[in-house]
Amino acid sequence: MKKRLESVKLFFKETDLVLLITCILTSIFGFIMVCSATKFKLNPGEVLSRDSLIMLIAIIIGIMLSLFISYFNYEVFTKLWAIIGIVSLISMILLFFIGSGPQERPDVHTWIKFKFFSIQPSEFVKIGFIITFSVHLEKLKDKINHPLSIALLAIHALIPTLLVIKTGDMGSALVFMLITVAMLFVAGVHWGYFLGGIGFVAAISPLVWMFMFSSIQKNRFLALIYPEQYPDIIYQQERALTAIGAGGISGQGLFKGAYTQAGYVPEAQNDMIFSPIGEELGFIGCIVALSLLAFIAIRILFIGKKSREHSTNLICSGISAMLVGQVIINIGMCLMLLPCIGITLPFFSAGGSSNLSVYIGIGLVLSIYRHNCDRGAEDIHIYDSLKKKN
């Protein structure tokens with residue numbers, strides 16, 4: 001019994017409790033806001049909405065999963081890069097055969113529905129891509145700026161990105177692009193290739209617009225420029241912006257937002273979760289939420305910088321870029337700066353897949369902290385300590 005207690009103490013001593021506790025607090029914040037955003041849906045006698053319950057279960061499982069993943073050396077996962085890549089590819093291809101989306105979006109094939117739950121494969125493929133791409137970059141590190149290396153890396157990044165676009169998940173496609181850019185930058189790719197990449201994207205954008213975007217996706221971009229011509233598309237963002245503006249500096253009070261409690265903003269518990277934060281907690285609440293997210297992203301980058309290997313820095317930069325990318329796109333949607341392309345706000349939006357995916361990523365970061373991070377005088381490892389005691 002004493003040995004078990006000592007091993008538990010060692011386990012948590014090697015865990016980055018600052019990151020873990022911040023993530024948990026942010027998830028609690030998000031859960032409370034989802035409860036507020038779905039309160040109007042509750043039937044008499046109900047305490048939690050289905051969205052709130054699913055989110056709570058996902059958070060609990062996610063925290064446990066992140067600790068479980070952190071116990072294993074991250075190299076266990078990088079050595080399985082081929083299997084992870086194949087499974088990710090198969091899961092995306094399956095969407096074209098058994099995938100589905102909301103009734104109002106017949107062009108979307110982003111969810112695989114089971115009897116009691118649904119999953120969104122692209123959320124987990126993001127983590128799979130970060131792992132496989134970090135391995136690819138590590139293998140090419142001595143010739144990273146060779147044209148053939150860049151071409152192979154570009155193909156690697158384009159495969160999941162184009163598949164995600166084709167399923168109708170434009171938001172995740174943008175996140176894949178941001179992850180790619182961040183990891184290439186950290187890997188030391190010459191800036192000239194980035195300029196070339198911008199030129200390439202600009203050159204193929206008309207083809208992507210014509211042949212890969214559905215009419216609904218095109219209209220969501222056009223609605224930002226000509227809102228009066230697309231009232232049925234832009235209304236969600238207009239309502240979200242109205243609700244945020246109604247919050248003022250300190251907000252109308254938790255569970256007291258007039259627009260939120262009336263169900264005025266569609267998907268307020270999901271893609272538009274920033275709306276009830278702004279309305280009920282005001283500008284102060286928005287700053288607190290963004291500060292928590294910024295701290296998590298910076299902490300992950302810090303762990304990557306302190307790690308002893310280049311590959312671990314790449315993984316951390318990819319996970320941080322994933323979070324930052326989703327935050328920028330989600331907030332941009334709510335403020336009508338970007339089209340409504342469907343992306344969750346990490347730790348805040350409802351949804352099992354998105355919350356589990358985030359915590360899987362956090363688990364990888366915690367594994368890097370535990371097994372490959374220079375922590376100075378307290379840099380001990382649970383395995384070595386247990387061996388000495390035995």
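Me: Which ring does the charged end of R370 sit over?
Reply: The charged end of R370 sits over the ring of F11, 4.0 Å from its centre. A charge counts as over a ring if NZ of Lys or CZ of Arg is within 6 Å of the ring centre and within 35 degrees of the ring normal. Likewise, R239 has its charged end over the ring of Y264, at 4.7 Å from the centre.

Me: What should I know about the source?
Reply: This is a predicted model, in which local features need pLDDT of at least 70, side-chain atom pairs count only at pLDDT 80 or more, and totals for chains, interfaces and linings use all residues. Residues are numbered from 1 along each chain as its sequence is written, and side-chain values use heavy atoms, with hydrogens and water left out.

Me: Which aromatic cluster includes F11?
Reply: F11, F12, F68, Y71 and F72 form one aromatic cluster.

Me: And how many aromatic pairs are there?
Reply: Rings of Phe, Tyr and Trp (its six-membered ring) pair if their centres lie within 6.5 Å; planes under 30 degrees apart count as stacked, over 60 as edge-to-face and the rest as tilted. By this rule there are 13 aromatic pairs. One of them is edge-to-face: Y71 and F72, because their ring centres are 5.6 Å apart and their planes at 90 degrees.

Me: How accessible is Y71?
Reply: Y71 is partly exposed at 36% relative accessibility, and F72 is partly exposed at 31%. Buried means under 20% relative accessible area, exposed over 50%, and partly exposed in between (1.4 Å probe, protein chains only).
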